[in-house]
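Colleague: Could you take me through a close look at a single part of this model? I'd enjoy one connected account.

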Amino acid sequence: MTGLDQVVLGFTALVLVVLGALAAAASFGFPAALHWLSAPQGWVEGLLILAVFVLLAAYLVTILLRQKGEPAVVHQAELGTVRILVTTIKGLVAKRAREVEGVKDALVTVLHTEPLQLRVELEILPDFNVPRLAEELQAQVKDYLADTMGIAVSAVEVLVRGIGGSAKPRVS
Amino acid sequence: MAEQERRTELGDLKIADEVVGIIAGLAATEIPGVAGMSGGIAGGIAEMLGHRNLSKGVKVEVGQSECAVDLYIIIEYGYNIPEVAQQIQENVKRTIEVMTGLKVVEVNLHVLGVHFPPEKKAEEPAPPKPAPSRVK
């Protein structure tokens, strides 16, 4: 679940609590709680509320569909299957790539799961030899996936998107 | 709530599916390297409302004498996933079998994410010591 998912869920919970409180207030003899909806311009608020609910419902459905259909790498173990979701692989590879000397930022895309093929887009620091850095990164990602996940990666495409950050100081 | 019912010498024994789920969830989370279970939308809303769901992230299918378990987990960064997965599967199977007498036919794991530890901030330089007073 992403940070945005959590924010939307939190907002949904808040909206439901507010609506529940308004409904409860109206039922306990405070109809003013819902009178603003029947005011002459109340239809504007009504349409806004409808739009908010439709958007929230659509987002919740996308979360459900995303969780069900998300691709994964599957291991068959003795006691059952182990599915490692692509988001897990992307997060781990991005973190490992950022630890390679000379890499400032990394964005990982999984091109195929069977066999596993990745693309790593990099922002690198100046003063580094790009082909050597790319080879180092490919080797480290391959070893890392084999060691921590037991996954053999068949290809790691490296795409250098930009050079950022500050160069090494010329004087110490 | 679905229940699994067996007849013993002195009467019936019923174990609710949720109980099997809680046993599986606790057995999984006690393995080092498991950061937590992921319960999807329903679990997220329940936790926001302060309800601690011990069977969060667990789906069980219970028959007369067998059961199958699906676990949705978050792994701690730095652990070997196949090793942690094997330990979870063995512990969940053993614990359910010992506590309920059900035979566990499969324990399927879904690794939904990795929990990264918070980044350590760079050590701030110590504030300069105040200069000694020149006058008493």
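Modeller: Happy to! Let's begin at G150(A), which comes just after α5(A) and takes a positive phi of about 70°. Please keep in mind that this is a predicted model.

Stepping back into the helix itself, α5 of chain A runs over residues 130-149 and has 20 residues. From its first C-alpha to its last it reaches 27 Å, close to the 28 Å expected at 1.5 Å a residue. Its buried residues are A134(A), L137(A), V141(A), L145(A), T148(A) and M149(A). Seen down the axis of α5(A), these fall within an arc of 95°, so they line one face of the helix. The face turned away from that buried side carries exposed residues, including P131(A), R132(A), E135(A) and D143(A).

What do the buried residues of α5(A) pack against? In chain A, their partners are β2 (80-85), α4 (86-98), β3 (103-113), β4 (116-124) and β5 (153-163). Chain B contributes α3 (81-100).

Buried here are T88(A), I89(A), L92(A), V93(A), R96(A) and A97(A). They cover an arc of only 155° around the axis, which puts them on the same side of α4(A). These buried residues pack against β1 (72-77), β2, β3, β4 and α5 of chain A, together with β6 (103-115) of chain B.

Notes. Residues numbered from 1 in each chain as written. Chains lettered and ligands numbered in written order. Predicted model: local features only at pLDDT ≥ 70, side-chain atom pairs only at ≥ 80, totals over all residues. Helix = DSSP H or I, 4+ residues; strand = E, 2+ residues; numbered from the N terminus. Expected span 1.5 Å × (residues − 1). Buried ≥ 20, exposed ≤ 12 C-beta atoms within 10 Å, placed from the backbone. Arc of directions from axis to C-beta. Contact = placed C-beta atoms within 7 Å.
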